[in-house]
Amino acid sequence: NCTQATEFSLAGFPEDPATQVTLFLLFLLTFLVTILENLGMITLIRVSPLLHSPMYYFLGNLAFVNLCTSSIITPRMLVGVLLGKKGMAYAWCMAQVFTIDLFLITECFLLATMAYDRYVAVCHPLLYPLVMSPERSSRLVTGSYLLGLANGVGQAIGMSSLLFCGSSAIDLFFCDISLLISLSTSDTTLSLVILRTASCFLGVPTILVVLVSYVAIISTILSISSAEGKRKAFSTCASHLTTVSTFYGALIFVYLIPRSDSSRGVDKWATVLYTVVTPMLNPLIYSLRNQEVKEAWKRLRKI
């Protein structure tokens, strides 16, 4: 006698009108800044000869992924906060799960690729042109998108097997696969297997690549005798390290640390951090901390 839910209620929005207005203005400002910054970063990388290197090729793709992630989530959040429209059709929720999981894993692999790029640049600078050739860089980026696509398809398949006969309220601003699994009234074995397999074989390896790369980078930097040499070597990694710390810190906090029911409100805002705030921060971090990006902006303004 199960009647499948045709709509989900996004219950993460506050009820207080003053809070709703404040959140709407904050989300709107964040979204506009995110769009302008990431489009600006993509344009700058394309037009500036200073930034035609593998590191900035990866950064341009990261900006594109951040642009897509923000465009998938934030406009729907704005509509929900401003108009109070909490309902989302099952088909749209399915599409959101697919696209979010696609770009989430793509970003993980791009960040891991950027960490490997910095490892080669710092630890094996003479081999850098050979190891990070344009062909290999292109294959690494293409592989990141393909693995992201595989994750999105897998999570969508897992969600399509679920039935929702009871509560359809999601205590979040968007459709999240882990919350949807907890709401399902059917057998969730397939969905959980797909989710955990993706975490183990797609998410965890990217974290390990980042950790191993930076252990080697730090070891190499510490072996440099001059303070100026250490500073220059570290400056090439500082922006990426800041981006990685913000993104993976929020992911680990939400998905890997055991939570209690009382901490769900904190989880909600940690999720907003890596889906809404981080896409805005990434280009800002690279613009403020990277000397080559700052120089490219100066040259562009003089044209």
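**Close-ups of the cavities**

**View 1. Who lines the second largest cavity, by class.** Three nonpolar, two polar and two charged residues make up the lining of the second largest cavity. Here Ala, Val, Leu, Ile, Met, Phe, Trp, Tyr, Cys and Pro count as nonpolar, Asp, Glu, Lys and Arg as charged, and the others, Gly among them, as polar. The residues are M55, M114, D117, R118, T236, H240 and Y286; a lining residue has an atom within 4 Å of a cavity point, and a cavity is a set of points on a 1 Å grid over the protein atoms alone where a 1.4 Å probe fits but cannot get out.

This is a predicted model, where local features need pLDDT of at least 70, side-chain atom pairs count only at pLDDT 80 or more, and totals for chains, interfaces and linings use all residues. Residues are numbered from 1 along each chain as its sequence is written, and side-chain values use heavy atoms, with hydrogens and water left out.

View 2. Helices are DSSP runs (H or I, at least four residues), numbered from the N terminus. The volume here is about 40 Å³, meaning the space filled by probe spheres set on the grid points, which are joined across faces, edges and corners.

**View 3. The largest cavity.** This one holds about 50 Å³ of space. Its lining is T69, I73, I100, F103, L104, E107, Y274 and T275. α2 (54–83), α3 (90–123) and α9 (264–289) are the elements giving two or more residues to that lining, and α3 brings the largest share, four residues.

Note on methods: On a 1 Å grid over the protein atoms alone, a cavity is a set of points where a 1.4 Å probe fits but cannot get out, and a pocket is an open set with protein on both sides within 12 Å along at least five of seven lines; lining residues have an atom within 4 Å of a point.
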